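This report goes through selected local features of one model, from backbone geometry to helix packing. The structure is shown below.

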Amino acid sequence: MEAPLRWSLGIETGTTRTILEVTTDEGITGLGETYGGEATMRALAFIRSIVLGADAFEIEKILKRLQVFCISYETYVSPHVIAGLEMACWDIIGKALRRPVCSLLGGKFRDKVAFAGYLFFRYPSADGKGGEDSPEKLLAYTEVLVGQYQFETLKIKGGALPPEQELECVRLIRQRFPDLKLRFDPNAAWSVGTSINILRRMMEYNLEYAEDPTWGIEGMSLVRKDVPVPFATNMCVINFDQIPLAVRTHCVDIILSDVHYWGGLANNKKLAGVCETFQLGLGMHSDRELGISTAAQVHFAASSPYMVYAPDSHYHHQVDDIITEPFRYDHGHFKVPTGPGLGVEIDRDKLNKYARYYEEKGEAGEFLDPHRPNWIPSLPLW
């Protein structure tokens with residue numbers, strides 16, 4: 001990251017990712033990407049013998065072989081691991097058919113996809129970047145990002161400063177950018193009472209939505225009853241089992257998809273259909289994706305006409321990538337890759353460089369805060 005990003009439970013200093021290459025007997029290699037670390041590598045080693053010899057075109061059969069149990073604690077292979085393998089299969093199919101993944105997912109409804117400008121409070125980096133620790137400094141940084149990338153949507157990552165200060169951030173940014181869409185996400189840092197009190201005051205600033213102000217389906221439902229602002233989530237509804245209860249309790253208006261922890265692109269398409277059935281909005285969560293997963297995000301969004309909310313992305317906070325042609329913002333949009341499959345290729349030198357870095361430094365965590373060594377992030381924080 002250009003500078004350490006603050007959120008309710010810690011800081012994000014970088015990203016650890018696992019890059020997959022799956023090769024067919026015809027010599028086609030598909031690329032995948034997912035969360036990194038030792039747990040992911042152990043799971044991939046476990047599934048190697050299960051998928052060896054499988055047909056990449058038969059994605060549903062592969063998913064069923066890996067999703068033996070529906071109970072989360074009985075599932076050795078996490079959804080994000082399956083998603084990385086599945087992503088490589090879609091890349092293989094696209095390359096074999098000479099079609100982009102968005103075409104395989106139903107067709108390209110958009111030539112470019114708008115992304116939200118993600119705004120974080122940041123600690124200073126070693127080279128002096130960052131240091132946004134007040135509403136005024138975050139506004140100044142927002143002006144830089146909007147000027148550089150021309151975002152049409154802004155998302156403030158809250159939960160780092162006291163609620164009154166973050167309310168002031170919303171006020172200042174809305175005053176400065178009256179025509180941009182504005183969303184706010186404190187990552188469940190607030191109690192039910194704090195959520196009701198602060199969000200009712202935020203209402204006058206015309207939020208596109210508030211994301212996970214408090215923890216859990218019940219808490220979100222209680223707040224939503226008293227706050228006429230759309231609620232989004234990527235914390236209290238993260239699998240299909242939770243959707244019926246979410247619908248019955250009216251706890252959320254928008255579900256944020258994710259190409260990894262919803263278990264891959266096929267499951268994300270199913271999620272889009274469920275959301276449309278129940279008239280829930282559909283957006284997309286971001287967790288520091290590199291170029292391969294970003295390509296998957298773009299293809300999914302381009303093939304999903306029901307998705308009217310701009311996906312999130314950390315991309316403008318990241319200083320490098322491991323693909324040969326990194327994505328570039330065009331007025332807040334990413335163009336849909338036109339090549340076969342995902343339409344991206346690995347930069348081998350970069351991949352080797354960061355593999356060595358991982359061996360030297362280990363995994364990049366996002367929980368806890370080295371700047372506050374005695375701080376324990378116990379929710380709610382306020």
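A residue counts as buried when its relative accessible area is under 20%, as exposed when that area is over 50%, and as partly exposed in between. The model is predicted. By that cut-off Asp-212 is buried, because its relative accessibility is 0%.

## Backbone exceptions

Most residues other than glycine have a negative phi, and most peptide bonds are trans. Asp-212 is not a glycine, yet has a positive phi of about 45°. Asp-212 sits in the loop that links strand 9 to helix 8 (216–226).

Asn-206, also not a glycine, has a positive phi of about 55°. This residue belongs to the loop between helix 7 (192–202) and strand 9 (209–211). Is Asn-206 buried or exposed? Its relative accessibility is 54%, so Asn-206 counts as exposed.

The peptide bond between Leu-379 and Pro-380 is cis, with omega about -5°. Pro-380 is placed in the segment that follows helix 12 (348–361).

## The surroundings of Asn-187

Asn-187 lies in the loop between strand 8 (181–185) and helix 7. With a relative accessibility of 5%, Asn-187 is counted as buried. Which residues does Asn-187 contact, leaving aside its neighbours within four places in sequence? They are Trp-7, Ser-8, Lys-157, Glu-211, Asp-212, Met-235 and Leu-379.

## Helix packing

Two packed helices are described by the angle between their axes and the distance between the axes. Two pairs are described here.

| Helix pair | Axis angle | Axis distance |
|---|---|---|
| Helix 1 (38–51) and helix 3 (79–97) | roughly 55° | within 10 Å |
| Helix 7 and helix 8 | about 30° | 9 Å |

The axes of helix 1 and helix 3 cross at roughly 55°, which makes helix 1 oblique to helix 3. The crossing of this pair is right-handed. On the helix 1 side the contact involves Thr-40, Ala-43, Leu-44, Ile-47 and Val-51, and on the helix 3 side His-80, Val-81 and Leu-85. Of the residues in this contact, 6 are nonpolar, 2 are polar and none is charged.

Helix 7 and helix 8 pack at about 30°. Angles under 35 degrees count as roughly parallel, so helix 7 is roughly parallel to helix 8. Their crossing is right-handed. Helix 7 contributes Val-192, Ser-195, Ile-196, Leu-199 and Arg-200, which meet Gly-219, Leu-222, Val-223 and Asp-226 of helix 8. This contact holds 5 nonpolar, 2 polar and 2 charged residues.

## Ser-303

Ser-303 is found in the loop between helix 11 (291–302) and strand 13 (333–335). Its relative accessible area is 1%, so Ser-303 is buried. What does the side chain of Ser-303 reach at 3.0 Å? It is the backbone oxygen of Phe-300. Not counting residues up to four places away in sequence, Ser-303 touches Cys-102, Leu-105, Gly-107, Phe-109 and Lys-269.

## Pairs separated in sequence

Pro-370, like Pro-380, is in the segment after helix 12. Pro-370 has a relative accessible area of 65% and is therefore exposed.

Ala-96 belongs to helix 3. Its relative accessibility is 35%, so Ala-96 counts as partly exposed. Gly-30 is 66 residues away from Ala-96 along the chain, and their C-alpha atoms are separated by 9.9 Å. Leaving aside neighbours within four places in sequence, Ala-96 is in contact with Ile-28 and Phe-57.

How values were computed
Residues are numbered from 1 along each chain as its sequence is written. This is a predicted model: local features need pLDDT of at least 70, side-chain atom pairs count only at pLDDT 80 or more; totals for chains, interfaces and linings use all residues. Side-chain values use heavy atoms; hydrogens and water are left out. Axes are lines fitted to C-alpha atoms, for helices over the stretch in contact, and angles run from 0 to 180 degrees between N-to-C directions. Helices (H or I, at least four residues) and strands (E, at least two) are DSSP runs, numbered from the N terminus. Angles under 35 degrees count as roughly parallel, over 145 as roughly antiparallel, 65 to 115 as roughly perpendicular and the rest as oblique. A crossing is left-handed if the near helix is turned anticlockwise from the far one by less than a right angle, and right-handed if clockwise. Contact means heavy atoms within 4.5 Å. Ala, Val, Leu, Ile, Met, Phe, Trp, Tyr, Cys and Pro count as nonpolar, Asp, Glu, Lys and Arg as charged, and the others, Gly among them, as polar. Buried means under 20% relative accessible area, exposed over 50%, partly exposed in between (1.4 Å probe, protein chains only). A polar contact is a pair of N or O atoms within 3.5 Å; within protein, one must be able to donate a hydrogen and the other to accept it, and residues adjacent in sequence count only if both atoms are side-chain atoms.
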